[in-house]
Amino acid sequence: MTASAPDPRLESLRGRLLPGAVRTVRVVGFDGADVLVRVVDAGEGASETGRIPLHDVSMRRVEHPSELFTVGQEIEAEETGRWRGGQPHFSARACENPALRAFLLGCAPGQVVTGTVAWVLPFGVLVRLAPDVVGLLHLSEPGGGPSATPGRLVAEGEPITVKVTEVDLERHRVRLCAVGRAAES
């Protein structure tokens, strides 16, 4: 039995499951709605060109990346994978908010964190976990049953202890489940 070459689609998916290296890239042009970039920190004499697809340009909605970037501009971007003959693809969106990125990379499912109830919504509670980080505690998670409303379980501004159930680096989201109310100091 001979070993076959790894499927590039599988390798690409595997590469997207973990955060990639943050690289300094220079905008060299646009290809339709994609941003063409050259890796600045590639090392002595090395020059590698890649792209940032429109969906990875920013968390903000833009019609064209030229609204945000100019040719010659240097930015930080996360390498998200290699496509089409090994060309690197990057995400500028992943590096747009360094505090959020650092928090998400430091979070793990099962981790217990303390936050403050930021908003009570009909479908759940948004919990402020850090200055730029809000996680969702969905109505199905607190355990109050179908007749429970989030407003009966918690109030805005109240400290709350929650467990991280999911960290979505691609969408910059944290999903939570309730552990209990934080002890008052």
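# Briefing: cavity, pocket and salt bridges

E78, A94, R101, L104, L169 and H172 line the largest cavity. The model is predicted. Its protein chain has 185 residues, of which 36% count as buried, and its secondary structure comprises 3 helices and 10 strands. A search of the whole structure finds 9 salt bridges, and R23, E48, E79 and R82 belong to a network of such bridges.

**Cavity and pocket**

- The largest cavity holds about 40 Å³ of space.
- By class, the lining of the largest cavity consists of 3 nonpolar, 1 polar and 2 charged residues.
- The second largest pocket has a volume of about 160 Å³.
- Its lining is formed by L54, H55, S58, M59, R60, R61, V62 and R93.
- In the lining of the second largest pocket, 3 residues are nonpolar, 2 are polar and 3 are charged.

**Fold and surface**

- Along the sequence, the elements of the protein chain follow the order α-β-β-β-β-β-α-β-β-β-α-β-β.
- When contacts between residues at least 6 apart in sequence are considered, 54% of them join residues at least 24 apart.
- The protein chain exposes about 10,800 Å², and carbon and sulfur atoms supply 54% of this area.

- H89 is found in strand β5, which spans residues 87-91.
- With a relative accessible area of 9%, H89 is buried, because the cut-off for that class is under 20%.
- Leaving aside neighbours within four places in sequence, H89 is in contact with R51, P53, E78, E79, T80, G81 and W83.
- Among these contacts of H89 is E78, a residue that also lines the largest cavity.
- Two further contacts of H89, R51 and E79, take part in salt bridges, R51 with D34 and E79 with R82.

**The R51–D34 salt bridge**

- Side chains of opposite charge can pair when their charged atoms come close.
- R51 forms a salt bridge with D34, in which the closest N and O atoms are 2.9 Å apart.
- R51 belongs to strand β3 (residues 49-52) and D34 to strand β2 (residues 34-39), so this pair ties together parts that are 17 residues apart in sequence.
- R51 counts as buried, at 8% relative accessibility.
- D34 also counts as buried, at 18% relative accessibility.

**Salt bridges of R82**

- R82 forms a salt bridge with E48, with the closest N and O atoms 2.6 Å apart.
- R82 lies in strand β4 (residues 74-83) and E48 in the loop between β2 and β3, so the pair ties together parts that are 34 residues apart in sequence.
- R82 is partly exposed, with a relative accessible area of 37%.
- E48 is likewise partly exposed, with a relative accessible area of 23%.
- The side chain of R82 also meets that of E79 in a salt bridge, with an N to O distance of 3.3 Å.
- E79 counts as buried, at 15% relative accessibility.
- R82, E48 and E79 are linked, together with R23, in a network of salt bridges.

Methods:
Residues are numbered from 1 along each chain as its sequence is written. This is a predicted model: local features need pLDDT of at least 70, side-chain atom pairs count only at pLDDT 80 or more; totals for chains, interfaces and linings use all residues. Side-chain values use heavy atoms; hydrogens and water are left out. On a 1 Å grid over the protein atoms alone, a cavity is a set of points where a 1.4 Å probe fits but cannot get out, and a pocket is an open set with protein on both sides within 12 Å along at least five of seven lines; lining residues have an atom within 4 Å of a point. Grid points are joined across faces, edges and corners, and a volume is the space filled by probe spheres set on the points. Ala, Val, Leu, Ile, Met, Phe, Trp, Tyr, Cys and Pro count as nonpolar, Asp, Glu, Lys and Arg as charged, and the others, Gly among them, as polar. Helices (H or I, at least four residues) and strands (E, at least two) are DSSP runs, numbered from the N terminus. Buried means under 20% relative accessible area, exposed over 50%, partly exposed in between (1.4 Å probe, protein chains only). Contact means heavy atoms within 4.5 Å. Accessible areas come from the Shrake-Rupley method with a 1.4 Å probe; for residues, only the protein chains shown count as cover. A salt bridge is a side-chain nitrogen of Lys or Arg within 4 Å of a carboxyl oxygen of Asp or Glu.
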